[in-house]
Amino acid sequence: MIEIKEKKDYRLVTNEMCLEFAAVSDNESFARMAVAAFIAPLNPTLEELSDVKTAVSEAVTNAIIHGYGNRGCVTDRVQMNCELKGSILEVEIVDRGVGMEDVNRAMEPLFTTRPEWERSGMGFAFMEAFMDELEVFSKPEQGTIVRMYKKIGLGGWIVNEE
């Protein structure tokens, strides 16, 4: 079982969705558009919209390429869970692929397990840059969970640790 920390509970959940789709590269654009439609009621800026779509794209691509080896097998599944907690968006991208032994190493910029496929090794760096917070949980042979948070709308990113 993948060991994960509790989800942050900033506010009550005001909306949520869960999608599951085949781990094929065509579905990366589907995930981008789905998350864009999900946050539309918050009236995000173009920059916020682009940031979220880019981070989701990177996470889904990582699941397909690294989690499942880009096999194109429709029985391999990626799950995208989204929650709105007030103006905080939480996105989880989940795969049940090969997982990672060393998450910290995998998150280093320019590190890639697929250099022969000309992968840049910048996926996690982009996710960190475009979202306010990033958490990654993984266990070999059990898969990976990427959890990202983004404040949508005006105002600062405020975390009240109690």
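Trainee: Which residues of α1 are buried?

Mentor: A residue is called buried when its relative accessible area is under 20%, exposed when it is over 50%, and partly exposed in between, using a 1.4 Å probe and protein chains only. Helices (H or I, at least four residues) and strands (E, at least two) are DSSP runs, numbered from the N terminus. By these criteria, the buried residues of α1 are Asn-27, Glu-28, Ala-31, Ala-34, Val-35, Ala-36, Phe-38 and Ile-39. Before going further, note that this is a predicted model, in which local features need pLDDT of at least 70 and side-chain atom pairs count only at pLDDT 80 or more, while totals for chains, interfaces and linings use all residues. Residues are numbered from 1 along each chain as its sequence is written, and side-chain values use heavy atoms, with hydrogens and water left out.

Trainee: What covers the buried residues of α1?

Mentor: Cover is read from contacts, meaning heavy atoms within 4.5 Å. For the buried residues of α1, the cover includes β1 (15-22), α2 (46-67), β2 (77-85) and β3 (88-95).

Trainee: Why does Glu-28 count as buried, and which residues does Glu-28 touch?

Mentor: Glu-28, which lies in helix α1 (residues 27-39), counts as buried because its relative accessibility is 18%. Leaving aside residues up to four places away in sequence, Glu-28 touches Ser-57, Val-60 and Thr-61. Ala-31, also found in helix α1, counts as buried because its relative accessibility is 0%. With the sequence neighbours up to four places away again left out, Ala-31 touches Phe-21, Val-56, Val-60 and Met-80. Ala-31 and Leu-19 are 12 residues apart in sequence, and their C-alpha atoms are 8.5 Å apart in space.

Trainee: What span should α1 have?

Mentor: The expected span of a helix is 1.5 Å times one less than its number of residues. The 13 residues of α1 should therefore span 18 Å, and the end C-alpha atoms of α1 are 19 Å apart, which agrees.

Trainee: Where is Met-17, and which residues does Met-17 touch?

Mentor: Met-17 is placed in strand β1, and Met-17 counts as buried because its relative accessibility is 18%. Not counting residues up to four places away in sequence, Met-17 touches Ala-34, Val-35, Phe-38, Met-80, Asn-81 and Cys-82.

Trainee: How many residues does the largest nonpolar core have?

Mentor: In soluble globular proteins, nonpolar side chains tend to be buried together. A nonpolar core is a set of buried Ala, Val, Leu, Ile, Met, Phe, Trp, Tyr and Cys residues joined through side-chain atoms within 4.5 Å. The largest such core here has 32 residues, and those with the most contacts inside it are Val-56, Met-80, Leu-89, Val-91, Ile-93 and Met-148. At least two residues of this core come from each of β1, α1, α2, β2, β3, α4 (123-130), β4 (133-139) and β5 (143-151). The largest share of this core, 7 residues, is supplied by α2.

Trainee: How many residues of β3 are buried, and which strands does β3 pair with?

Mentor: For β3, 8 of the 8 residues are buried, so this strand is largely enclosed by the rest of the structure. Both faces of β3 are covered, with Ile-88, Glu-90, Glu-92 and Val-94 buried on one side and Leu-89, Val-91, Ile-93 and Asp-95 buried on the other. Two strands pair if DSSP finds at least two bridges between them. By that test, β2 and β3 run antiparallel and are joined by 8 bridges, and 8 bridges likewise join β3 to β5, which also run antiparallel. Cys-82 stands opposite Val-91 in β3, while the bridge partner of Ile-93 in β5 is Val-146. The hairpin formed by β2 and β3 has 2 residues between the strands, and Gly-86 in the turn has a positive phi of about 65°.

Trainee: How many disulfides does a search of the whole structure find?

Mentor: A disulfide is a pair of cysteine sulfur atoms within 2.5 Å, and the search of the whole structure finds 0 of them. Cys-18 is in no disulfide, the nearest cysteine sulfur being that of Cys-82, 8.9 Å away.
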